[in-house]
Amino acid sequence: MNEIMEETPEFIADRIQALKAELARYPVSKRRSFDRACFLKPSLEMDNKLYLLFLRADRFDEIAAARKLCLHFDHKLALFGEAKLPKTITLDDLDEDDMAVFQSGSYVVLPKKDRAGRGVGLINVPAMKYRHWKNQASPSFC
């Protein structure tokens, strides 16, 4: 079973710096959407909470986190367009069809948190119901 990593301020600062260095080395062609989001909202480059989300998702592996962060912005651009690229997506950004998917019961937030105190959500992809085929995104970014 995976151990909970001790996240001291020094450890977090070190891993964020490693992720920023990895992003600087990452091919420009693979980080265009992230770069565009940072251009539209310059404070995004200094958003350590954003970096920490991706580092935690990949157990602080900066190479995997950089890849996932860039893919996230690629998919965000494709799904929501450039105007919403730098902003945090909320339920208000979803259209009627998107909301129908959430209300179908295919997405559930568990009432208890994980061992590290984080919320847990489950997605049952086969149970998702779409009104139109174009609203079904590829699960390759999950």
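Trainee: Of the 142 residues of the protein chain, what percentage counts as buried?
Mentor: Buried residues make up 25% of the 142 in the protein chain, where buried means under 20% relative accessible area, exposed means over 50%, and partly exposed lies in between, with a 1.4 Å probe and protein chains only. This is a predicted model, in which local features need pLDDT of at least 70 and side-chain atom pairs count only at pLDDT 80 or more, while totals for chains, interfaces and linings use all residues. Residues are numbered from 1 along each chain as its sequence is written, and side-chain values use heavy atoms, with hydrogens and water left out.

Trainee: How many helices and strands are there, and in what order do they run?
Mentor: The protein chain has five helices and two strands, and from the N terminus on the elements run α-α-α-α-α-β-β. Both kinds are DSSP runs numbered from the N terminus, helices being H or I with at least four residues and strands being E with at least two.

Trainee: Which residues have the most contacts inside the largest nonpolar core?
Mentor: They are Leu 19, Leu 23, Phe 34, Leu 50, Tyr 51, Leu 69 and Phe 73, in a core of 21 residues. The elements giving two or more residues to this core are H1, H2, H3 and H4. Such a core is a set of buried Ala, Val, Leu, Ile, Met, Phe, Trp, Tyr and Cys residues joined through side-chain atoms within 4.5 Å.

Trainee: And what is Leu 19 in contact with?
Mentor: Leaving aside neighbours within four places in sequence, Leu 19 is in contact with Tyr 51, Leu 55, Glu 62, Ala 65 and Ala 66, contact meaning heavy atoms within 4.5 Å.

Trainee: Changing topic, how many aromatic pairs turn up?
Mentor: A search of the whole structure finds two. One of them is Phe 11 with Phe 60, an edge-to-face pair at 4.8 Å centre to centre and 65° between the planes. This pair links distant parts of the chain, with Phe 11 in helix H1 and Phe 60 in the loop between helix H3 (48-57) and helix H4 (62-80), 49 residues apart. Rings of Phe, Tyr and Trp (its six-membered ring) pair if their centres lie within 6.5 Å, and planes under 30 degrees apart count as stacked, over 60 as edge-to-face and the rest as tilted.

Trainee: Is Phe 60 buried or exposed?
Mentor: Phe 60 is buried, with a relative accessible area of 5%, whereas Phe 11 is partly exposed at 24%.

Trainee: What about Arg 31, is that buried or exposed?
Mentor: Arg 31 counts as buried because its relative accessibility is 16%, and it is found in the loop between helix H1 (9-25) and helix H2 (32-40). Not counting residues up to four places away in sequence, Arg 31 touches Leu 23, Ala 24, Tyr 26 and Cys 70. A polar atom of the Arg 31 side chain lies 3.2 Å from the backbone oxygen of Leu 23.

Trainee: How many salt bridges does the structure hold?
Mentor: The structure holds 10, each being a side-chain nitrogen of Lys or Arg within 4 Å of a carboxyl oxygen of Asp or Glu. Among them is Glu 7 with Arg 56, the closest N and O atoms being 2.5 Å apart. Glu 7 lies in the segment before H1 and Arg 56 in helix H3, so this pair ties together parts that are 49 residues apart in sequence.

Trainee: Where do Arg 36 and Glu 82 lie?
Mentor: Their side chains meet in a salt bridge at 2.8 Å, N to O, with Arg 36 in helix H2 and Glu 82 in the loop between H4 and helix H5 (96-103), 46 residues apart.

Terms used. Polar contact = N/O pair within 3.5 Å; in protein donor to acceptor, adjacent residues only side chain to side chain.
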